[in-house]
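This briefing is meant to be read beside the model, with the side chains displayed. It goes through charged contacts, aromatic rings, helix packing and the backbone in turn.

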Amino acid sequence: MTTATTSDSTPTPTLPGGTWTMGDLTVTRFGYGAMQLAGPGVTGPPADHDGALAVLREAVRLGITHIDTADAYGPHVTNRLIREALHPYPGPLHVVTKVGAHRDADGGWPPAREPDDLRRAVDANLETLGVEALDLVNLRLGDATGPRPGSLATAYGTLVELQRQGLIRHLGLSNATAEQIAEAETIAPFVCVQNLYNLAHRQDDDLVDRLAEQGVAYVPFFPLGGFTPLQSATLSAVAGRRGVRPTAVALAWLLRRSPNILLIPGTSSVAHLRENIAGASLDLTEEDLAALDTIGR
């Protein structure tokens, strides 16, 4: 983060996948998504406050340098937990946030992409994370049901202006259509796209490959299926043959799928965090990959 004044002297273990560079931010391809640190329905505080802090600290201790969050989580909850657990931020650590939606009284996620909405959201993220500039801000498009068509010019242009003012270092897109991504390319550079993608949802296969050629990161949200865990007889068969959980196979496949894929699986448990890292380290065989490639096709 921009305000980091200390460095992490703890030896950094080798994480699966190595690293990827977004702009001038080098991050571990295995990262951590903070959404699950908020309360039920991503609303309110966690049931175990100290446990949430422990997960964040363990993530950094294990060498993770990419944490994904949003001030809408809680709202304000995950950002404040990140600040409490990790500020002043270790030099290698980069916190990625997103704007473009807020929380309503019913726990919904209505769009908030008017210029004033985005300026307020950026200011809120700066305050709750305790920084002077945000490392990377994703513009969340569409709605809770998925991407929706429509121009992003006004919203994206607002973030570009905030970037010029020094409040944002790098830009990204989330929940975006191929047309919106193409439109953004005509306005200003971005360093990542964050869309729904996993073994069972491969609608972005061509996009993943195109972005890899351009040196742009692709960050799958819901890499394990999200609120509906991945269900596949083929996935279960591969996992059974290898003696691991299906989640391990799913994470390892994503890292193998393309070098520009960055993982941000979430958890509120230190033990589960370690389990995810171990799972993603699985060395898939050609037989495994051939079987898995039939899923989601």
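A network of salt bridges links Arg 202, Asp 205, Asp 209, Arg 257 and Asp 293, a salt bridge being a side-chain nitrogen of Lys or Arg within 4 Å of a carboxyl oxygen of Asp or Glu. The model is a predicted one, in which local features need pLDDT of at least 70 and side-chain atom pairs count only at pLDDT 80 or more, while totals for chains, interfaces and linings use all residues. Residues are numbered from 1 along each chain as its sequence is written, and side-chain values use heavy atoms, with hydrogens and water left out.

**Salt bridges**

- Since Asp 209 lies in helix H6 and Arg 257 in helix H8, the pair ties together parts that are 48 residues apart in sequence; helices (H or I, at least four residues) and strands (E, at least two) are DSSP runs, numbered from the N terminus.
- Asp 209 counts as partly exposed at 36% relative accessibility, whereas Arg 257 counts as buried at 18%; here buried means under 20% relative accessible area, exposed over 50%, and partly exposed in between, with a 1.4 Å probe and protein chains only.
- Arg 61 and Glu 58 meet through their side chains in a salt bridge of 2.9 Å, N to O, and, being 3 residues apart in helix H1 (residues 49-61), they are separated by about one helical turn. Arg 61 is partly exposed at 42% relative accessibility, while Glu 58 is buried at 8%.
- In helix H3, Asp 117 and Arg 120 are likewise 3 residues apart, about one turn of the helix, and they form a salt bridge whose closest N and O atoms are 2.8 Å apart. Asp 117 has a relative accessible area of 22% and is partly exposed, whereas Arg 120, at 53%, counts as exposed.

**Aromatic rings**

- A search of the whole structure finds 4 aromatic pairs, where rings of Phe, Tyr and Trp (its six-membered ring) pair if their centres lie within 6.5 Å, and planes under 30 degrees apart count as stacked, over 60 as edge-to-face and the rest as tilted.
- The pair of Tyr 73 and Trp 109 is edge-to-face, because the ring centres are 6.0 Å apart and the planes stand at 80 degrees. This pair links distant parts of the chain, with Tyr 73 in the loop between strand E4 (66-68) and H2 and Trp 109 in the loop between strand E5 (94-99) and H3, 36 residues apart.
- Tyr 73 is buried, with a relative accessible area of 6%, while Trp 109 is partly exposed at 22%.
- The pair of Tyr 197 and Trp 253 is stacked, because the ring centres are 6.2 Å apart and the planes are at 25 degrees. Tyr 197 lies in the loop between strand E8 (192-196) and helix H6 (205-214), and Trp 253 in helix H8 (residues 246-257), so that distant parts of the chain, 56 residues apart, are linked.
- Tyr 197 and Trp 253 are both buried, and together with Tyr 218 they form one aromatic cluster.
- The charged end of Arg 103 sits over the ring of Trp 109, 3.7 Å from its centre; the rule asks that NZ of Lys or CZ of Arg be within 6 Å of the ring centre and within 35 degrees of the ring normal.

**Helix packing**

- Helix H2 (residues 77-86) and helix H3 (residues 115-129) pack at an angle of about 35 degrees, and their axes are 8 Å apart. Axes are lines fitted to C-alpha atoms, for helices over the stretch in contact, and angles run from 0 to 180 degrees between N-to-C directions.
- In this contact (heavy atoms within 4.5 Å), Asn 79, Arg 80, Ile 82 and Arg 83 of H2 meet Asn 125, Glu 127, Thr 128 and Leu 129 of H3.

**Backbone**

- Most residues other than glycine have a negative phi, and most peptide bonds are trans.
- A cis peptide bond, with omega about -5 degrees, joins Gly 74 and Pro 75, and Pro 75 is found in the loop between E4 and H2.
- His 76, which is not a glycine, has a positive phi of about 75 degrees; His 76 is also found in the loop between E4 and H2.
- The peptide bond from His 87 to Pro 88 is cis as well, with omega near 0 degrees.
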